[in-house]
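Here is a short briefing for a first look at this structure. Keep the 3D view open as you read.

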Amino acid sequence: MGKSLLYLHELRTAEHLAEPWTEAAKLIKSLPMFSARDAVNPIEGMPDPAVITHASGKPISQVNAVNDRGGQPFLRVQPGRLIYEVRDQHALVSCVETFRDARTMARLVCKPKRTTARTTEPVRAATEAVGPPTDPAPKRATSPRTRPRTTQPDAR
């Protein structure tokens with residue numbers, strides 16, 4: 001996929017980012033088998049850009065079929081702020097497989113996040129619904145640590 005590196009730290013992100021590529025795969029027939037070499041001309045004196053991104057959460061994604069005036073059609077897949085322009089069927093298959101593989105690997109490596117903080121909302125709601133106890137809790141007659149004294153002397 002060119003010079004892009006996407007770090008995926010969460011399973012839900014990997015699963016979410018595979019979805020627009022699955023949607024784009026449905027539009028494969030709208031792309032030519034091979035793209036024209038001059039479809040994206042390099043800028044003289046400037047190297048091709050590279051992107052390194054840490055993806056998290058579930059960014060809004062879009063898939064658009066674009067028909068250039070006089071040029072070949074292409075797909076624009078935009079997960080979050082990244083934009084991929086896919087210009088032929090072979091490139092699309094490569095991208096779909098890459099994100100599908102990333103999702104598969106994330107299922108093996110990433111653990112689903114667990115909530116560590118306990119919520120007291122259900123307990124509070126139940127207490128309000130039932131109300132406070134009407135009778136105070138019964139008190140023990142004797143402490144479990146103290147023994148009753150005997151009045152008889154030891155027979156030693």
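A residue counts as exposed when its relative accessible area is over 50%, and as buried when that area is under 20%. The model is predicted.

**Helix α2**

- Helix α2 covers residues 89–109, 21 residues in total.
- From first C-alpha to last, α2 reaches 30 Å, close to the 30 Å expected at 1.5 Å a residue.
- At the start of α2, Asp 88 places a side-chain oxygen within 3.1 Å of the backbone nitrogen of His 90.

**The two sides of α2**

- Buried in α2 are Gln 89, Leu 92, Cys 95, Val 96, Phe 99, Ala 102, Arg 103 and Ala 106.
- Viewed down the axis of α2, these buried residues fall within an arc of 155°, so they line one face of the helix.
- An α-helix has 3.6 residues a turn, so residues three or four places apart point the same way.

- Three strands form an open sheet in the order β3-β4-β5, with antiparallel pairing.
- β3 (61–67) and β5 stand at the edges with a single partner strand each, so one side of each has no neighbour in the sheet.
- From one strand to the next, the twist averages 20°.
- β3 and β4 run antiparallel and are joined by seven bridges.
- Asn 67 has Pro 73, in β4, as its bridge partner.

Notes:
Residues are numbered from 1 along each chain as its sequence is written. This is a predicted model: local features need pLDDT of at least 70, side-chain atom pairs count only at pLDDT 80 or more; totals for chains, interfaces and linings use all residues. Side-chain values use heavy atoms; hydrogens and water are left out. Helices (H or I, at least four residues) and strands (E, at least two) are DSSP runs, numbered from the N terminus. The expected span of a helix is 1.5 Å times one less than its number of residues. Buried means under 20% relative accessible area, exposed over 50%, partly exposed in between (1.4 Å probe, protein chains only). The arc is that of the directions from the helix axis to the C-beta atoms. A polar contact is a pair of N or O atoms within 3.5 Å; within protein, one must be able to donate a hydrogen and the other to accept it, and residues adjacent in sequence count only if both atoms are side-chain atoms. Two strands pair if DSSP finds at least two bridges between them. Axes are lines fitted to C-alpha atoms, for helices over the stretch in contact, and angles run from 0 to 180 degrees between N-to-C directions.
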